[in-house]
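Please look through the sequence and the structure shown here before reading on. The briefing that follows goes through them topic by topic.

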Amino acid sequence: MSKKTKVDPRIKRTNKYLRDALVELIKEKDVTSITIQEITEKAELTRGTFYLHYQDKQDFLMQSMNEVLEELIEKVKPKQNNEDSAAVEENDESVSFLKLFEFIYDHSDYFKVMLSDRGLPQFRSHMTEIVKKRVYGELISSIGEAEGGLDIPEDILISYITSAHIGVICSWLESDMKFSPAFMAEKLTSLTLLGPIRVEGLEKKIKLPY
């Protein structure tokens, strides 16, 4: 059985220094105007060290983005287990949401700047696609298989859920995370499973536009 190749701790440390430097610089200026020289100076590393790991700035930006998002997926994705318990299944989604918000909370500086107007333009769309395919894609597919098909086309349902969740995450970050990860996970679980209208008890109180 093949094992994942472990990354040298020194390389991980170097990558973190460079990524932290990038985050600090984006707080001051647009990512497109930041130079490799500025990144390495802020990280207190040499340009030679930078080029040992990355071909150029674009390569660095894309690799850093992918590393963070892959780590997020690994933290959030439900673990496979052999327990045949309805309670475990019901809790899977809320546990995943809690891990999602905890991870973003722990890396809030990075997500704040990358999802801002100064960050990498494609970060939000890339994050949306990864979450859509790697998390919700499998979730919705399993629901469709279990129930014998979906009334709403799968791609529309996945897009709706993913876009709503990314929007909630952005709003939470913009508010300086005034609610705890546990609070956000609980509310997002309710909104996902029941829908916003039902959660607020507004089914008979609002007038639909048709």
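Is Asp109 buried, partly exposed or exposed? Asp109 has a relative accessible area of 38% and therefore counts as partly exposed. The model is a predicted one, and the points below group what was computed from it by topic.

**The nonpolar core**

- The largest nonpolar core holds 49 residues, and of these Ile104, Phe111, Phe123 and Met127 touch the most other members.
- At least two residues of this core come from each of α1, α2 (36-43), α4, α5 (86-106), α6 (108-114), α7 (123-147), α8 and α9 (181-194), while α4 gives the most, with eight residues.
- Leaving aside residues up to four places away in sequence, Ile104 is in contact with Leu72, Phe111, Met127, Ile169, Trp172 and Leu173.
- As general background, nonpolar side chains tend to be buried together in soluble globular proteins.

**Helix α8**

**Aromatic pairs**

- The count of aromatic pairs comes to 10, and one of them joins Tyr54 and Phe60, whose ring centres are 5.0 Å apart and whose planes stand at 70°, so that this pair is edge-to-face.
- Both partners of that pair are buried, Tyr54 with a relative accessible area of 2% and Phe60 at 0% relative accessibility.
- Phe103 and Phe111 also form an edge-to-face pair, because their planes stand at 75°, which is over 60, with the ring centres 6.1 Å apart.
- Phe103 counts as buried at 4% relative accessibility, and Phe111 is buried as well, with a relative accessible area of 0%.
- Ring pairs also link Phe50, Tyr51, Tyr54 and Phe60 into a cluster.

**Salt bridges**

- A search of the whole structure finds nine salt bridges, and one of them is formed by Lys27 and Asp109, whose closest N and O atoms are 3.6 Å apart.
- Since Lys27 lies in the loop between α1 and α2 while Asp109 lies in helix α6, this pair ties together parts that are 82 residues apart in sequence; Lys27 is partly exposed, with a relative accessible area of 39%.
- Lys112 forms a salt bridge with Asp176, the closest N and O atoms lying 2.9 Å apart, and because Lys112 is in helix α6 and Asp176 in the loop between α8 and α9, the pair ties together parts that are 64 residues apart in sequence.
- Lys112 counts as partly exposed at 28% relative accessibility, whereas Asp176 counts as exposed at 54%.
- Within helix α7, where Lys132 and Glu129 lie three residues apart, about one turn of the helix, the side chains of these two residues meet in a salt bridge (3.2 Å, N to O).
- Lys132 counts as buried, because its relative accessibility of 19% is under 20%, while Glu129 is partly exposed, with a relative accessible area of 31%.
- Salt bridges that share partners join Glu24, Lys27 and Asp109 into one network.

- Thr14 belongs to helix α1 (residues 9-26) and counts as buried at 13% relative accessibility.
- Not counting residues up to four places away in sequence, Thr14 touches Leu45, Thr49 and His53.
- Gln63 is found in helix α4 (residues 57-76) and is partly exposed, with a relative accessible area of 30%.
- With residues up to four places away in sequence again left out, Gln63 touches His53 and Tyr54; the C-alpha atoms of Gln63 and His53 are 9.8 Å apart in space, and the two residues are 10 residues apart in sequence.

Definitions and conventions: Residues numbered from 1 in each chain as written. Predicted model: local features only at pLDDT ≥ 70, side-chain atom pairs only at ≥ 80, totals over all residues. Heavy atoms only, no water. Helix = DSSP H or I, 4+ residues; strand = E, 2+ residues; numbered from the N terminus. Buried < 20%, exposed > 50% of the residue type's maximum accessible area, 1.4 Å probe, protein only. Contact = heavy atoms within 4.5 Å. Phe/Tyr/Trp six-rings, centres within 6.5 Å; stacked < 30°, edge-to-face > 60°. Core = buried A, V, L, I, M, F, W, Y, C linked by side-chain atoms within 4.5 Å. Salt bridge = Lys/Arg side-chain N within 4 Å of Asp/Glu carboxyl O.
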